[in-house]
Amino acid sequence: MSFDFPPELLSAQAELVQAKADLAQVYAALPWSVEEQQGWSRVKETGGGYYESHRPDSRGWTAAEQQQVAELRARILDLSERVVTHDFWSSCENAPAARSALKHAASSD
C-alpha cells in the first residue's frame, strides 16, 4: 500500500527520527545518574541474593548536559505532536498502515 504523504509530514517524521537518535547518543555519553552518586559492585550471593552488578561513581550531569537533554526531549515532544496531529490523518483511510509506512519512509531517507 502506498501513501502520498505531504512533504511537511515527511520532514517532521525525519526530524523526529534524527532527534531521537541525537538524544540516544547524548544519553550514551552521560553518566548513569543525573545527580552525583557513589558507585557499587555486588557479586551474586549464594542462594540467589543479588544479581551481579557494577556501577562506577557518577559525577552527575552538568547544568549544560541537563539543558541539552531537556531541549532534545522538548524537540521530540514538539515533533511527535506535529506528526500525530497533522491534517493528513483526518483524510487517511488506513491510518495504522499509513503510520507504519511513514516510519519506514523516514528511516529509508
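A residue counts as partly exposed when its relative accessible area lies between the cut-offs of under 20% for buried and over 50% for exposed. Arginine 59 has a relative accessible area of 48%, so this residue is partly exposed. The model is predicted.

Arginine 59 forms a salt bridge with glutamate 65. The closest N and O atoms are 2.8 Å apart. The two side chains are also joined by a polar contact of 2.8 Å. Glutamate 65 is buried, because its relative accessible area of 16% falls under 20%. Neighbours within four places in sequence aside, glutamate 65 is in contact with Leu30, Arg59 and Gly60.

The structure holds three salt bridges. Another of them pairs arginine 75 with glutamate 15, with 2.2 Å between the closest N and O atoms. This pair links distant parts of the chain. Arginine 75 belongs to helix H2 and glutamate 15 to helix H1, 60 residues apart. Arginine 75 is partly exposed at 34% relative accessibility. Glutamate 15 is partly exposed at 27%.

A salt bridge also joins the side chains of arginine 82 and aspartate 78, at 3.7 Å from N to O. Both residues lie in helix H2. They are four residues apart, about one turn of the helix. Arginine 82 is partly exposed, with 35% relative accessibility. Aspartate 78 is partly exposed as well, with a relative accessible area of 33%.

Aromatic pairing was examined next. The count comes to five aromatic pairs. Tyrosine 27 and tryptophan 61 form one that is tilted. Their ring centres are 6.2 Å apart, with 40 degrees between the planes. Tyrosine 27 lies in helix H1 (residues 7-29), whereas tryptophan 61 lies in the loop between strand E2 (53-55) and H2. The pair therefore ties together parts that are 34 residues apart in sequence. Tyrosine 27 is partly exposed, with a relative accessible area of 35%. Tryptophan 61 is buried, at 16% relative accessibility.

Phenylalanine 88 and tryptophan 89 have ring centres 5.0 Å apart. Their planes stand at 80 degrees, so the pair is edge-to-face. Phenylalanine 88 is buried at 12% relative accessibility. Tryptophan 89 is buried too, with a relative accessible area of 16%. Phe88 and Trp89 form one aromatic cluster together with Phe3 and Phe5.

Methods: Residues are numbered from 1 along each chain as its sequence is written. This is a predicted model: local features need pLDDT of at least 70, side-chain atom pairs count only at pLDDT 80 or more; totals for chains, interfaces and linings use all residues. Side-chain values use heavy atoms; hydrogens and water are left out. Buried means under 20% relative accessible area, exposed over 50%, partly exposed in between (1.4 Å probe, protein chains only). A polar contact is a pair of N or O atoms within 3.5 Å; within protein, one must be able to donate a hydrogen and the other to accept it, and residues adjacent in sequence count only if both atoms are side-chain atoms. Contact means heavy atoms within 4.5 Å. Rings of Phe, Tyr and Trp (its six-membered ring) pair if their centres lie within 6.5 Å; planes under 30 degrees apart count as stacked, over 60 as edge-to-face and the rest as tilted. Helices (H or I, at least four residues) and strands (E, at least two) are DSSP runs, numbered from the N terminus. A salt bridge is a side-chain nitrogen of Lys or Arg within 4 Å of a carboxyl oxygen of Asp or Glu.
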